[in-house]
Amino acid sequence: MGIYYCLLAGTIILGAVMKPEKDAKRRAIFLGIAFIILAGLSAVRYSVGYDYSYGYAPHYQLVLDNPQWSIKDIHFEPAYGLLEKATSLLSQNYQMIFVTSSILMIALIMFYYYKASPNATISVFLFLGLCQYYCSLNLIRNTLAAIICMFAFPFLKKKKIIPYILIVLVAATFHKSALLMIAFYFINLIPIKKYTLLVYSVITAFIYLNLEKIMLFVTQYWYSGYRPKDGAPLEIFEWPFTIFEFLMFLIVLLFSKRLEKKDATNSVYVNYAFFSLFFTLMGTKYFILDRFGLYFVLAYPISFAIILMSLREEWVGWKQLRDVTLKKIAYPIMLFTILIGTLAYHSYSLSLDHHGVVPYMFIFDQPFYTIYLDELEDDKSEATENSVVNTEEETIEEPIDEPNDPAMSSSSDTELSEESNSESMVQSPEDLPDGAPVLVDMEEFLS
């Protein structure tokens, strides 16, 4: 757990030293360093994130074991299937899928911060503190889709529906839940004012009170694996998360005029804050609904950065401060509130460990990975020996009716042994080296 707090502390220290908000070059270097660290830790993790061993590692192993599979044969969405097929050309080690997906996700979010955030330090800090980074370690496809959807956000602000929908469709090729954002294009065009907020609140209360019936109906056609049994929820999300989401929504709502002062289209951030709260609230009855909130919660690192930089423009510093007014000291108060509140949220979330990221483990420390490296060396040695044997055999003329060459029989046994070893990598825990992922029923995982 300590490594995650080191990331938070390192972000603040690096930001204080580099001051990436000053110019684009500093921002690029800062985000480049953040990319290397975050993508690196994500790439070399082992069994960090529940879906690591439950789904992604064994599924990628199936892709490796079935090179004849086309994209249609892979059970995941087509873009993620394409990522798996492309990755399988680079390495036969299942860890490589976490390397490529980590690089892709972190590169995209850091690039988005470069383009959209006025304060990269705050954005990266919130990306970590609000546990969005931990989502990327667990809900790989969902997080990839949500990050891609953030690139549609500027087109939502400009009311350009065609590029918006095209980006959402690309996101849906990683996770089909992204299709929901097409409907939210029209919903988010309605600004949240006094009366619309009242209407939204009434609708939210109605949906919440009738959620069991709604879920029973919806799961007949979509996400049937999450269909509640006898109207009972599969799992619930804790209320403290909803309370914290409500407080974040209030901050964005109260500072909405400042957001709109910077750009009139920034009013959409209020919509995103509300729907992030909405899905977190629904998660208190059905945890799976909280995952839809990921498409909206990713906007907080940008909206909070805009608010803070707006307040900072009126901050003169403690030395020049003479007449103390709330307006003049709003920046340090808000900065302190966001830092402490984020740390509290982060600590509470890690204590529950909903994403299965505690403890953090390096792939290099695992016994089975050492075995894998040893097997690679053995394969190289065996290939060298076989080439020598084949060279020697070329000089020997054997009778046509000679019985099968023992060397060929030995080679056959070796191949059978290798196939057996390959199968054992994805069978039962008893047949596996310590810590290796176990193959699960993919239909159950994907239902």
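This is a predicted model: local features need pLDDT of at least 70, side-chain atom pairs count only at pLDDT 80 or more; totals for chains, interfaces and linings use all residues.
Let me start with Gly129, which counts as buried because its relative accessibility is 0%, below the 20% under which a residue is called buried.

Where does Gly129 sit, and what does it touch? Gly129 is found in helix 6, which covers residues 120–129. Setting aside residues up to four places away in sequence, Gly129 touches Leu8, Thr342, Tyr345 and His346.

Taking the contacts with a separation of 6 or more, residues 24 or more positions apart account for 74% of them. The protein has 447 residues, of which 47% count as buried, and in secondary structure it has 23 helices and zero strands. Its accessible surface comes to about 22,600 Å², and 64% of that surface belongs to carbon and sulfur atoms.

Helix 5 runs over residues 96–116, so 21 residues by the numbering of its DSSP run, and from its first C-alpha to its last it reaches 30 Å, close to the 30 Å expected at 1.5 Å a residue. Buried residues in helix 5 include Ile97, Phe98, Ser101, Ser102, Met105, Ile106, Ile109, Met110, Tyr112 and Tyr113. As background, an α-helix has 3.6 residues a turn, so residues three or four places apart point the same way.

Helix 8, residues 140–150, is mostly covered, with 11 of its 11 residues buried. Among them are Ile140, Leu144, Ile147 and Ile148, and the list also takes in Arg141, Asn142 and Thr143.

Finally, let me turn to empty space inside the model. Rolling a probe the size of a water molecule over the atoms shows where empty space is left. How many cavities of 30 Å³ or more are counted here? The count comes to one, and about 30 Å³ of space lies in the largest cavity. Which residues line the largest cavity? The lining is made up of Tyr134, Ser349, Leu350, Asp353, His354, His355 and Val357, and by class it has three nonpolar, three polar and one charged residues.

Notes
Residues are numbered from 1 along each chain as its sequence is written. Side-chain values use heavy atoms; hydrogens and water are left out. On a 1 Å grid over the protein atoms alone, a cavity is a set of points where a 1.4 Å probe fits but cannot get out, and a pocket is an open set with protein on both sides within 12 Å along at least five of seven lines; lining residues have an atom within 4 Å of a point. Grid points are joined across faces, edges and corners, and a volume is the space filled by probe spheres set on the points. Ala, Val, Leu, Ile, Met, Phe, Trp, Tyr, Cys and Pro count as nonpolar, Asp, Glu, Lys and Arg as charged, and the others, Gly among them, as polar. Helices (H or I, at least four residues) and strands (E, at least two) are DSSP runs, numbered from the N terminus. Buried means under 20% relative accessible area, exposed over 50%, partly exposed in between (1.4 Å probe, protein chains only). Contact means heavy atoms within 4.5 Å. Accessible areas come from the Shrake-Rupley method with a 1.4 Å probe; for residues, only the protein chains shown count as cover. The expected span of a helix is 1.5 Å times one less than its number of residues.
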